[in-house]
Amino acid sequence: MKMLLRGIAASPGIGIGHALVYRAVNLNSLERDVGDLEDEYRRYRNAVERFCTLREEKAAQLKAVGAETRAAILLAQAEMIKDPYLAGQVEGRIASYRSAEAALDEVCGSVVRQFLRAENELTRERASDIRDVRDGVLRQLLGVPEVDFSNMEPDTILVADDLTPSAMTALDPSIVAGIVLCRGGRASHSAILARAMGIPTVVGAIDALAWVVNGETLVVDGIQGEAYLEPDTAEMARMQEYQERYRKNRESLRAFVRKQARTADGDIVQLMATVGSESEGFLADEDGCDGIGLLRSEFLYLDRPSLPKEEEQFQVYRRFAQRKAGGPVVIRTLDAGGDKRMPGLSWDWEKNPVLGCRAVRLSLAYPDISKVQIRALLRAGAYGDVRILLPLVTGLDEVRGFKRLVEECQAELEERGEPFRAGLPLGVMIETVAAALTVDRFAQEVDFFSIGTNDLTQYTLAVDRDNARVAHLYSYYDPALLRLLKWVVRRVQEAGKPVCLCGQAPADPLFVPLLLGLGLDCFSVQPMSLLAARGSISLWTKEEGRRILEHALGLVTEAEVHTLLENCVRRI
Ligand code: PEP
Ligand code: MG
């Protein structure tokens with residue numbers, strides 16, 4: 001192999017083909033002497049009209065083949081350029097004898113800078129739309145043809161620095177076998193579109209343009225976030241087999257898109273999505289889910305120097321509350337500390353941060369910071385089924401302390417005359433042994449439970465979930481975990497409270513029968529695992545699960561449980 005390019009897994013799948021290196025044309029916004037002002041206005045307006053017509057025509061073609069997401073992006077771009085503020089700014093500059101190209105470039109440049117400074121991730125992403133609109137209109141003004149990907153050979157792997165939304169929408173997914181981009185993250189527009197188009201994609205592969213030459217063989221692994229340049233025969237054979245397995249599996253899972261999750265004998269299972277950004281929420285809707293089972297609100301606090309304000313948080317939570325797909329939205333309060341340090345908070349040194357001032361402990365230690373989030377949640381509750389979830393609780397005092405903060409926030413909102421919903425359902429995560437063993441006591445204070453298997457495994461086994469040296473000891477197959485889960489689920493059922501199980505465990509086909517056997521009927525998994533989880537659930541009855549669980553509970557070591565599950569696993 002010539003080279004292994006590492007990046008971020010942005011759209012799953014294996015793509016094998018030949019590289020096409022794409023370098024964007026530099027559209028110079030030439031300053032020119034403007035003689036006749038009327039002529040210059042006309043040039044600009046004609047260019048805008050041609051740009052909008054092209055976008056609308058392309059959107060109509062895309063809609064006709066069911067590519068709604070891509071069509072909507074193009075139509076939104078046509079609206080952006082017609083925006084009266086933008087048009088006024090450009091024409092105002094033309095009035096002082098700037099060329100239409102320079103005027104447009106300057107105005108769009110300042111909008112892009114404003115967007116990039118925005119606190120909200122989605123607003124920042126809009127900057128690429130504005131650049132795309134600017135380039136499209138500049139092409140019309142300068143007579144440079146639109147990006148044309150129509151003559152690509154089948155099995156092309158497109159390698160580029162970045163691809164604008166319109167360039168992405170110009171791609172034919174039946175021809176493009178994969179994409180490798182130097183820039184971008186999982187939430188970037190190109191990544192979202194690649195997933196919507198089902199093209200295996202790796203983003204953030206910074207060295208890609210420096211290494212790849214047109215025509216070279218490239219294998220894109222959009223599951224691991226890697227690309228193999230000029231693989232040898234053995235590697236190629238391995239990747240082809242992997243591709244075939246992945247393809248067959250995905251094909252059979254398509255049958256589960258937007259279907260209700262059901263066991264083999266027809267019992268309904270609530271399958272919710274665990275998301276950590278707004279774009280992940282959109283992804284969940286593509287495959288369908290019964291609601292948001294866990295919204296990790298940390299994304300609002302990351303990658304920024306200051307803490308998010310109430311209004312910004314409210315807007316995000318409200319958009320979740322009003323999701324077209326409906327269903328409850330369980331929003332977890334800030335789970336900072338431990339492995340998640342937020343730049344907006346000052347941190348004291350802690351010897352054992354994972355056992356230190358984190359999650360709900362941090363929320364209670366900084367009531368003013370927590371109240372900003374609580375007010376935003378209460379306000380969003382007026383727009384939909386918002387529920388509040390507390391991470392890493394160990395005792396009832398924490399719940400009672402948090403409830404006092406909620407009461408204070410309700411009084412403050414009332415005084416401000418702000419619409420909100422009082423008494424939002426409150427739940428706790430069962431992630432510590434203390435919470436697990438006293439779950440019956442919690443049942444008297446809270447409305448619902450969420451079992452966080454990632455942390456529950458960590459704290460039960462005393463194994464750091466992020467430490468590679470002890471990774472072999474971290475396993476929710478451990479008999480200790482099984483006993484604890486059985487205890488928790490039994491007590492919660494006796495109390496008649498709803499419980500959802502989240503973390504990595506419900507996305508594991510080996511573990512699903514045990515979870516059904518425990519009598520659980522609500523799981524929350526990441527969007528990419530929704531179909532696979534539905535598939536696994538459909539293979540088992542609860543009774544079969546119960547039999548395997550009984551057998552597993554009689555075993556002594558993690559390895560024995562693992563072997564048992566391997567021996568009885570069923571796969572789609
Ligand atoms: C968990 O601990 O299982 C969980 C879902 O929370 P996180 O992974 O965010 O800690
Ligand atoms: Mg957790």
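The model is predicted, so local features need pLDDT of at least 70 and side-chain atom pairs count only at pLDDT 80 or more, while totals for chains, interfaces and linings use all residues. Residues are numbered from 1 along each chain as its sequence is written, chains are lettered from A and ligands numbered from 1 in the order written, and side-chain values use heavy atoms, without hydrogens and water.

Start at ligand 1. Around the ligand are 13 residues, and Arg296, Glu431, Gly452, Asn454 and Arg465 come nearest (near: a heavy atom within 4 Å). Polar contacts are pairs of N or O atoms within 3.5 Å. A backbone N or O atom of Asn454 lies 2.8 Å from an oxygen atom of ligand 1. For Arg332, a polar side-chain atom lies 3.0 Å from a ligand oxygen. The protein covers 99% of the 280 Å² of accessible area that ligand 1 has on its own (Shrake-Rupley method, 1.4 Å probe).

Now turn to the rings. The whole structure holds five aromatic pairs (ring centres within 6.5 Å; planes under 30 degrees apart are stacked, over 60 edge-to-face, the rest tilted). Phe314 and Tyr383 have centres 5.9 Å apart and planes at 55°, so this pair is tilted. Is Phe314 buried or exposed? Phe314 has 6% relative accessibility and counts as buried, whereas Tyr383, at 37%, is partly exposed (buried: under 20%; exposed: over 50%; partly exposed: in between; 1.4 Å probe, protein chains only).

Definitions and conventions: Polar contact = N/O pair within 3.5 Å; in protein donor to acceptor, adjacent residues only side chain to side chain. Phe/Tyr/Trp six-rings, centres within 6.5 Å; stacked < 30°, edge-to-face > 60°.
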